[in-house]
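Let's take a quick look at how one residue sits in its surroundings, and then at how the parts of its chain meet.

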Amino acid sequence: MNNAIEVEQLTKYYGDLLAVDHIAFQVRQGEVFGFLGPNGAGKTTTQRMLTTLLEPTEGRIVIDGHDLASEPYPAKRQMGLVPEESNVYTELTAWGNLMFTARLYRVERERREKRARELLEAFGLWEKRDVKVDEFSKGMRRRLSIAMAIIHRPALLFLDEPTPGLDAQSARAIRRLIREMNAEGTTVFLTTHQIEEANQLCDRVAIINHGKIAAIDTPEQLKAAFRQVQSVEVALDPDGQKHGDPLLALSGVTKSVKMGDKWRLYTEQPSALLPRVVEYAQAHDLELVSLCTLGPSLEDVFLQITGQEIGTVRHEREETERRGRKGGRR
Amino acid sequence: MNEGVMARLRDEVSQAWTVAVKDVRVYYLTPPMIMFGLLLPFFLFFSFSVRREIAMEVGIARLLALTTFFTASSAGPVIIPLERRTGTYDRLLAAPMSLVTLLLGKTLVGAFFATLVSLVPLLVGVLALGATVADAALLIVGVPLASLAFSAFGLVFASIPTRSVGNIMMPSTLVRWPLMFISGIFVPLEEMATWARILAYVSPLTYAQDLMNHAMLGRGYLNPWLDLALLPVLLVVFLIPAARLHHRARVLGY
């Protein structure tokens with residue numbers, strides 16, 4: 001069986017700027033493949049090249065055995081695209097948008113009307129089918145945009161940041177829909193910077209950074225490769241927020257990050273750190289509201305690979321030591 | 001011909017038609033379309049024709065040429081940057097059709113708008129003011145043909161990689177206005193100096209104006225068959241660079 005997507009040496013220059021640097025990967029039939037990366041890493045550029053919206057400078061893309069350069073039409077027929085911005089025609093009704101897309105993909109009249117009804121009902125838009133999309137909420141537009149992308153039953157669906165900006169209910173409905181489509185056999189290529197979303201949905205993920213594929217594997221395998229970002233999470237009472245620096249000073253802690261009312265202490269040996277935290281709480285007459293060990297999350301892996309910072313408040317040992325040395329000189 | 005090729009051709013024609021019908025429904029009353037496609041040719045006509053002693057038929061022939069030229073060549077430059085801005089152009093580029101099919105669809109839209117707008121002065125002139133048409137058949141064929149050629153001309157400008165209508169209208173105006181002034185639309189070809197007439201032949205509007213003169217007045221400077229033959233040639237001549245430039249815009253990410 002052909003891979004759903006095969007990419008070889010894919011490269012894109014914008015003038016002198018190298019946006020995508022000779023990347024290669026495969027997406028298997030029927031999998032949900034996550035494409036993660038920080039802003040400007042090259043993920044949208046890659047997706048635009050895969051969907052023929054952008055000409056690559058170099059490299060080869062094969063969609064289900066069809067080379068995109070020499071056989072774009074059979075390849076395009078297999079694809080559905082949901083871009084980041086819901087690109088629906090606001091001057092048309094929901095029904096008008098679906099009929100237009102179906103005609104563009106040459107879906108026969110009877111089939112397109114049946115399919116449009118089926119999709120509008122499934123997406124909760126049937127009652128609004130004759131309303132101009134101009135009056136739709138963001139969530140409704142996104143649902144319509146997805147319906148338009150799958151009206152021709154594509155074997156491969158590209159989704160670019162499908163849930164940001166949506167309320168929790170709409171985001172959950174869209175994730176459920178992605179799972180359902182995948183269960184029916186649709187291969188999904190999901191471009192996102194919502195790491196938890198990728199963790200929940202994807203069979204495999206690729207992390208792109210500075211235009212290069214930095215890692216590609218299943219979420220669990222990626223996490224297993226980053227055991228150094230294990231942690232212990234602790235909530236102390238009273239005044240739990242004040243204990244960042246002393247907790248960082250505990251033996252074995254490489255970094256402490258404030259996570260709401262808790263502290264996450266990164267360590268290579270969580271089991272050795274647990275008794276030290278308990279000891280610290282007892283010594284300072286603090287109640288341990290919660291204490292647990294955590295494996296590396298996909299977000300930790302992503303941040304490690306992309307060299308970005310973990311959390312919003314960071315207390316690194318080196319910084320503390322540097323501050324200490326400066327104090328000593330004073 | 002191979003059955004697969006025929007099926008593909010049928011698909012492409014149907015897709016071009018689908019794009020055109022959608023554009024007509026979506027963009028017929030957008031403010032830039034009204035401004036650049038509907039009002040501008042009428043303003044130009046009145047600016048250069050009021051208080052000048054010209055026959056009704058001369059005025060209508062002039063207005064027909066102006067509306068086909070400005071309305072048709074405004075459609076692409078208005079619609080394509082608007083679609084780039086809303087992201088709907090991506091939907092068309094990702095669809096299983098060739099770039100030429102997409103551009104043909106856009107050409108049809110411009111031609112449709114221009115033909116429709118041209119009907120206004122024609123009907124007012126004939127029904128309300130008693131103007132006569134010398135050769136109706138020439139008019140029925142000539143107006144859509146000229147509109148198609150000028151619509152493709154507008155697509156050349158629409159290839160400028162931008163999401164702003166203004167960024168396209170500025171260079172488009174810089175080119176279209178001089179073409180209008182050298183075309184013989186305000187100074188008849190027969191009254192021009194030889195060098196000016198040679199210059200006039202550079203402007204595609206010259207052939208539309210001459211054809212409208214034949215249709216309305218029963219006389220023109222060039223052979224009407226030459227005008228009729230040149231307009232489809234111009235359609236192809238404009239579509240080729242338009243397709244190349246739009247492909248180039250896609251390389252740049254537009």
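This is a predicted model: local features need pLDDT of at least 70, side-chain atom pairs count only at pLDDT 80 or more; totals for chains, interfaces and linings use all residues.

## One proline and its contacts

Residues are numbered from 1 along each chain as its sequence is written, and chains are lettered from A and ligands numbered from 1 in the order in which they are written.

A:Pro219 belongs to helix α8 (residues 219–224) of chain A; helices (H or I, at least four residues) and strands (E, at least two) are DSSP runs, numbered from the N terminus. A:Pro219 counts as buried because it has 20 C-beta neighbours inside 10 Å (buried is 20 or more other C-beta atoms within 10 Å, exposed 12 or fewer, partly exposed in between). Its C-alpha atom is 6.2 Å from that of A:Arg204, 15 residues away along the chain.

## Where the domains meet

Chain A splits into domain 1 (5–218) and domain 2 (227–329), with bounds from an automatic or database domain assignment. Taken over C-alpha atoms, their centres are 39 Å apart.

Across the boundary, 10 residues of domain 1 of chain A are in contact with 6 residues of domain 2 of chain A. On the domain 1 side, α7 (195–201), β9 (204–209) and β10 (212–217) of chain A each supply at least two residues, and α7(A) gives the largest share, with 4 residues.

Terms used. Two residues are in contact if their C-beta atoms, placed from the backbone, lie within 7 Å.
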